[in-house]
Amino acid sequence: MVRVGRRSAETGRAATATRAEVLHIGSDSARTLTIPAPGVPVDVSVDGSDPAPVSIPLLPGERTMSRRASFALVNACTLASLGLGLLAIFLAMDGQVRIAAACLVACVIFDGLDGALARKLGVASPFGAQMDSLADMCSFGLAAPVVVYASLADQVPQAAAAIATALVAGCAAIRLARFNVSPKDGRFFCGVPTTMVAAVLALTVLIGLPLPGMVQLAGVTLLAFAMVSSFPYAKLARLLKLPPWLWLLPIVGALLEPGMTFVLIVATYLVSGPLLWMRTRRTA
C-alpha cells in the first residue's frame with residue numbers, strides 16, 4: 001500500500017504556486033492581478049469576485065475606419081469562397097456538374113484573393129487565418145469531392161467513387177489542420193495544398209479529360225494522399241522563376257492537345273515532390 005494523499009496535496013500546491021504569481025497593486029492587498037503561466041487564459045480580479053471574461057479583438061492593432069473596412073473586405077472574400085463552395089454542392093446535386101466545377105474555380109480565385117488583400121492592406125489576423133481554413137474545408141474539402149463524385153458516379157462503381165472522394169475530404173481536413181499548427185516555409189509546401197488539389201479536380205471536370213473513369217478515380221486517390229504526404233512541393237513564386245523557355249512547352253501543348261498537356265503538367269508537379277525529397281536526403 002502506498003499513501004499518496006499528502007504527496008498529491010503537496011503537488012497540487014506546487015502546481016498552483018507555479019501556475020501564477022500574485023502582484024499587489026498599490027497598498028490595498030485586495031486588489032490583485034493574477035499572471036498565469038503560458039497557455040493559461042489571463043484572469044483579472046479587482047475585488048475578489050469572479051473575474052470578468054477577457055475580450056480578444058478580431059482585428060489587432062489600430063481600429064480605424066479604413067482598417068475596419070479593409071478587414072471587412074478581406075473577410076467578404078473568404079465568405080464569398082464559402083458561399084460558392086455551397087453553391088457548387090447544390091449544383092452538383094442538381095446534375096449541373098460543369099457549372100459546379102466553375103464555381104470551384106471561382107472559390108480558388110477568392111481564396112487566393114483574401115490572403116493577398118490581407119497582406120497588402122495590413123489586416124492579417126489569427127481570426128482571418130482560422131476563418132480562411134474553415135472556408136477552405138467547406139469549399140475544397142467537401143464541395144470538391146461532391147463535384148467529383150457527381151461527375152464520376154455514372155462511369156465507375158458508386159462505392160469506389162464514394163471511397164475515393166471520402167479520402168479527399170479526410171486528407172483535406174488533415175492537411176489544413178497540419179498547416180495551421182506547423183511552422184511556415186517560404187519556399188516549399190509540405191504536401192500538395194488543398195487549394196491546388198481542388199483546382200486540379202475542378203479543371204479535370206471542366207475540361208472533360210478523355211480518360212477512363214477508373215483512371216480518373218486513381219488520380220483522385222493519388223491527389224488525396226499527396227495532400228498529406230511530407231514531400232516538399234515548390235510554391236508558385238519559385239515556379240515563376242523557371243527559365244522562360246520552359247513555359248513555352250505547356251503553352252504550345254495546350255494549343256495542340258489541352259487535355260493531355262494538363263495531365264502531364266499535374267503529373268510532373270506530383271513527381272517533383274519525391275524528387276526534391278530524394279535530393280535533400282542526398283545532400284543532407
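Predicted model: local features only at pLDDT ≥ 70, side-chain atom pairs only at ≥ 80, totals over all residues.
The protein has 10 helices and five strands. It comprises 284 residues, and 32% of them count as buried. Considering contacts between residues at least 6 apart in sequence, 71% join residues at least 24 apart.

Two packed helices are described by the angle between their axes and the distance between the axes. Helix 2 spans residues 65-93, and its axis lies 8 Å from that of helix 4, at an angle of about 15 degrees. An angle under 35 degrees counts as roughly parallel, and helix 2 and helix 4 are therefore roughly parallel to each other. Helix 2 passes helix 4 in a left-handed crossing. On the side of helix 2, the residues that meet helix 4 are Phe71, Asn75, Thr78, Leu79, Ser81, Leu82, Gly85, Leu86, Ala88, Ile89 and Ala92. On the side of helix 4, they are Phe127, Gly128, Met131, Asp132, Ala135, Cys138, Ser139, Ala143, Val146, Val147 and Ala150. By class, this contact of helix 2 with helix 4 holds 15 nonpolar, six polar and one charged residue.

Helix 4 (126-152) also takes part in covering helix 7, along with helix 5 (158-181), strand 4 (188-190), helix 6 and helix 10, against which the buried residues of helix 7 pack. Helix 7 covers residues 213-227, 15 residues in total, and reaches 22 Å from its first C-alpha to its last, close to the 21 Å expected at 1.5 Å a residue. The buried residues of helix 7 are Gly213, Gln216, Leu217, Val220, Leu223, Ala224, Ala226 and Met227.

One of these neighbours, helix 5, comes within 8 Å of helix 7, axis to axis, and the two cross at roughly 20 degrees. Helix 5 and helix 7 are therefore roughly parallel to each other, and their crossing is left-handed. From helix 5, Ala160, Ala161, Ala164, Leu167, Val168, Cys171, Ala172, Arg175 and Arg178 take part in the contact; from helix 7, Leu217, Val220, Thr221, Ala224, Phe225 and Met227 do.

Leaving aside residues up to four places away in sequence, Val168 touches Pro145, Leu201, Val220, Ala224 and Met227. Val168 and Met227 are 59 residues apart in sequence, yet their C-alpha atoms are 8.5 Å apart in space. Gly170 also lies in helix 5. With 34% relative accessibility, Gly170 counts as partly exposed, because buried means under 20% and exposed means over 50%. The C-alpha atoms of Gly170 and Phe225 are 9.9 Å apart, although 55 residues separate the two in sequence.

Helix 10 is another element that packs against the buried residues of helix 7. At 1.5 Å a residue, its 26 residues should span 38 Å, and the end C-alpha atoms of helix 10 are 37 Å apart, which agrees. Gly259, Thr261, Phe262, Val266, Tyr269, Leu270 and Gly273 are the buried residues of helix 10. Among the elements that cover them are strand 4, helix 6, helix 7, strand 5 (232-234), helix 8 (236-239) and helix 9 (244-256).

How do helix 6 and helix 10 pack, and at what angle? Helix 6 (residues 194-207) and helix 10 (residues 258-283) meet at about 160 degrees, and their axes are 11 Å apart. Angles over 145 degrees count as roughly antiparallel, and helix 6 and helix 10 are therefore roughly antiparallel to each other. Helix 6 passes helix 10 in a left-handed crossing. Met196, Val200, Leu203, Thr204 and Ile207 of helix 6 make the contact with Gly259, Phe262, Val266 and Tyr269 of helix 10. Seven nonpolar and two polar residues make up this contact of helix 6 with helix 10, and no charged residues take part.

Ile265 is found in helix 10 as well. With a relative accessible area of 44%, Ile265 is partly exposed. Ile265 and Pro250 are 15 residues apart along the chain, and 7.5 Å separates their C-alpha atoms.

Definitions and conventions
Residues numbered from 1 in each chain as written. Heavy atoms only, no water. Axes fitted to C-alpha atoms, helices over the stretch in contact; angles between N-to-C directions. Helix = DSSP H or I, 4+ residues; strand = E, 2+ residues; numbered from the N terminus. Parallel < 35°, antiparallel > 145°, perpendicular 65-115°, else oblique. Left-handed = near helix turned anticlockwise from the far one by under 90°. Contact = heavy atoms within 4.5 Å. Nonpolar A, V, L, I, M, F, W, Y, C, P; charged D, E, K, R; others polar. Expected span 1.5 Å × (residues − 1). Buried < 20%, exposed > 50% of the residue type's maximum accessible area, 1.4 Å probe, protein only.
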